[in-house]
Amino acid sequence: MNLNLYGHDGHWIVVDCGMMIRQDLPDAPLQVPNLAALTTLDIRPRALYITHGHEDHIGAAAWLWPKLGCPIYATPLAAGLLRAKFVEQSLACDAIQVIEPGEAYESGPFTLRLLPLTHSIPESCALLITTPQQRILHTGDWKLDPDPIIGEPVDETLYRALAPVDLVVGDSTNAPLPGHSRSEGEVAEALERLLPSCEGRVVVSCFASNLARVLSVAQAGARCGRRISLMGRAMERMVGVARGLGYLDDLPPLVPTRDLGYLPPEEVLVIATGSQGEPRAALSRLAQGRHPHLELASGDSVIFSAKAIPGNERPIERLQHGLKRLGVTVLDESDHPELHASGHPAQDELTTLYDWLRPRRLLPVHGEHRHQEAHQALAEGLGIETPLIPTNGDLIRLDGDGLHREARYPEPPCLVPQRGGQPRPATGSNPLPSRRHPPLFLALPVLPLEERGWARVGRLLLDSPEDLPLDETAFGDWLDDHLAQTHGDTLVALRGELEPGLLRYFDQHLRHPITLHLQLFAAEPLAS
C-alpha cells in the first residue's frame, strides 16, 4: 500500500495511491491510506503521479481522489485501469491524464519524468523528480529483467546518463536476497516443460496484472493442444484493457468459461485469479465446488504461479487443502520455484542500478523493516549515505546537509467495505425473535479442516417464504471465512460459535429481523 508526498516551496505532489485487502478481517475490507495528516499540515496536492498499475499503487485512487481533487498522471495501461475503477465508483474520469514515459512535465517547481523499468506489469516506471536544488529518483517497484516477455529490457544508457543523483527512494522488497531475480523468460520456459506432463484439466493461478505470465501460460497451453479460458473479473478486466492497448496481440483465442463443460478435460487450461487465497476469487470458488461453469475433479492440476504475499499463508493453505480434498494435484513455488519470478530486485540488481546512477543518498522503502535494513547495509557498503529507515507518517527533509527526520504524523489506515457503502456497527440481534419475523432456513453441509475450522461443501441452501434482499454471493464469502476461523470440533460446538455471528450478519444486511432455522450436517462421516 503506497502513497508518497513530495513538497518544495509549499508545492506538493503525490506519488502512487494504493490499497491492500485485509483478509484477516471479516468481509476482507480494503485498507487505504489515511489522509488526515494532509489536513493537519495544510497540504493540498497539485498532482498525483502513478508509477505503475498494481493495486498497491493505484487501488485507493478511486476512494481518495474526491479528497485529493487533483489531476492524475499515468501511463496508458495504468490510466485504463484507473478509468475502470472510477467508473465503478460513479466518478468522472476527466482528471485521469495519459502521459508517455520519457517526456518531461512541469508541476510548480518540479520537473518530472517517468522512466521505464521492468517489473511484473507492463509500463512500470521510476519517477525522476527535479527541483532547482536536487534530483531524486523514486524507483517504484522494479527489477532488471533481460527477457521481460512484454516490453523491452531496462535501458542502461538512460540510467547512466542520470548520474549522479542526489537521492534514490528505492525498493527494498528483495534486498536480503543474494544474486539476481528470475526472468519472466525463464518462467515461460518452465511452463513449456511442465504443462505437457499434466493430465486432466489444468488451472494456472497468477496475479491478473502479470500480463507476461498470462501470455506465457496461454501460449504454452495452446502449444500442447489446450484451449485457453480466463476466469475472474480482475483477470478479464486486466486482459481487456491490455488488449485494447495492443499488448496481447499474440494471445491465443479464448474460450468463454460457460463453454468449458463441453471440452474434454485434457483440452482445458484456465488462467484464474485467487493465488493468494482470496475467498471471492475464482480459484476459491473452484476449490469449494461453487463455480457455475467448471468443476474440478481427481486427476486435474492447479499450478500456483505466484508467491505468497506475507500474511496470506493461512488463506492459501486453506485453499490448497480444499483443492487436495477434490483429488486435485497442487503445484506451487515450494516444490517448483521455477514457476514464479519476483518483480523486485535482489542484491546484484540493486548493486548494478546504483553503479549506473551513482546516488549520493538512499532512502530504503517498501517491504518490512528487515528488508529496509538489508537495503541500508548494502547501500552503505557501496559508499551510499543511508542515515534513515523511514516508517509510515515520517516527514523527511532533504537539504544540503543530507536527510533529516523532522517529525512523525502516524495515522491508522482507513478500511472500506469491498462492496461499497460506509462501515456501520452491528446493532445486536435478539436471539429469540418475534414470530412475526419471517423464517430463513439455512442448511449447511460442512467438512472439518485438518488443523482447525470447517469448510462448506456445495452451493448455499437458503430458503424463505419471503423475498429477502440478501446478496448470496457476499454472504457465501463471509460464511466461508467465518467457518474457517471457528474452533469447535463437533457440530454442536460449531453451531454454538456460528449462530450468533449469523444473526449479527443478517441483522446488518437485511432490512427486517428474521427467525433463523439452522441445520448443520457432516458432508462425510466425522472421525470419532
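Which helix holds Q320?

## Q320 in its helix

Q320 is part of helix α10, which covers residues 313-325. The model described here is a predicted one. The relative accessible area of Q320 is 12%, so this residue is buried. Leaving aside residues up to four places away in sequence, the contacts of Q320 are F304, V330 and D332.

## Two packed helices

A pair of packed helices is described by the angle between their axes and by the distance between those axes. Here the pair is α6, made of residues 184-194, and α7, made of residues 211-223. Their axes come within 9 Å and cross at roughly 25°. An angle under 35 degrees counts as roughly parallel, and α6 and α7 are therefore roughly parallel to each other. The crossing of α6 past α7 is right-handed.

Which residues make the contact between α6 and α7? On the α6 side they are E184, V187, A188, L191 and E192. On the α7 side they are A212, R213, S216, V217, A220 and R223. Sorted by class, the contact of α6 with α7 has six nonpolar residues, one polar residue and four charged residues.

Most residues other than glycine have a negative phi, and most peptide bonds are trans. The following residues depart from these patterns.

What kind of peptide bond joins A163 and P164? The bond is cis, with omega at about -5°. P164 sits in the loop that runs between α5 (156-160) and β12 (167-171).

D16 is not a glycine, yet has a positive phi of about 70°. D16 lies in the loop between β2 (11-15) and β3 (20-21). Is D16 buried or exposed? With a relative accessible area of 0%, D16 is buried.

E123 is also not a glycine, and its phi is positive, at about 65°. The loop that contains E123 lies between β9 (110-116) and β10 (125-130). The relative accessibility of E123 is 18%. The cut-off for buried is under 20%, so E123 counts as buried.

## Cysteines without disulfides

How many disulfides does the structure hold? The number is zero. A disulfide would need a pair of cysteine sulfur atoms within 2.5 Å. For C70, the closest cysteine sulfur is in C17, at 8.8 Å, which is too far for a bond. For C93, the closest cysteine sulfur is in C70, at 15 Å, and this is again too far for a bond.

C70 has a relative accessible area of 3%, so C70 is buried.

## L395 in strand β19

L395 belongs to strand β19, which covers residues 394-399. Why is L395 classed as partly exposed? Its relative accessible area is 23%, and the partly exposed class lies between the limit for buried, under 20%, and the limit for exposed, over 50%.

Not counting residues up to four places away in sequence, L395 touches W12, H404, R405, E406, A407 and Y409. L395 and Q276 are 119 residues apart along the chain, and their C-alpha atoms are separated by 33 Å.

How values were computed
Residues are numbered from 1 along each chain as its sequence is written. This is a predicted model: local features need pLDDT of at least 70, side-chain atom pairs count only at pLDDT 80 or more; totals for chains, interfaces and linings use all residues. Side-chain values use heavy atoms; hydrogens and water are left out. Axes are lines fitted to C-alpha atoms, for helices over the stretch in contact, and angles run from 0 to 180 degrees between N-to-C directions. Helices (H or I, at least four residues) and strands (E, at least two) are DSSP runs, numbered from the N terminus. Angles under 35 degrees count as roughly parallel, over 145 as roughly antiparallel, 65 to 115 as roughly perpendicular and the rest as oblique. A crossing is left-handed if the near helix is turned anticlockwise from the far one by less than a right angle, and right-handed if clockwise. Contact means heavy atoms within 4.5 Å. Ala, Val, Leu, Ile, Met, Phe, Trp, Tyr, Cys and Pro count as nonpolar, Asp, Glu, Lys and Arg as charged, and the others, Gly among them, as polar. Buried means under 20% relative accessible area, exposed over 50%, partly exposed in between (1.4 Å probe, protein chains only).
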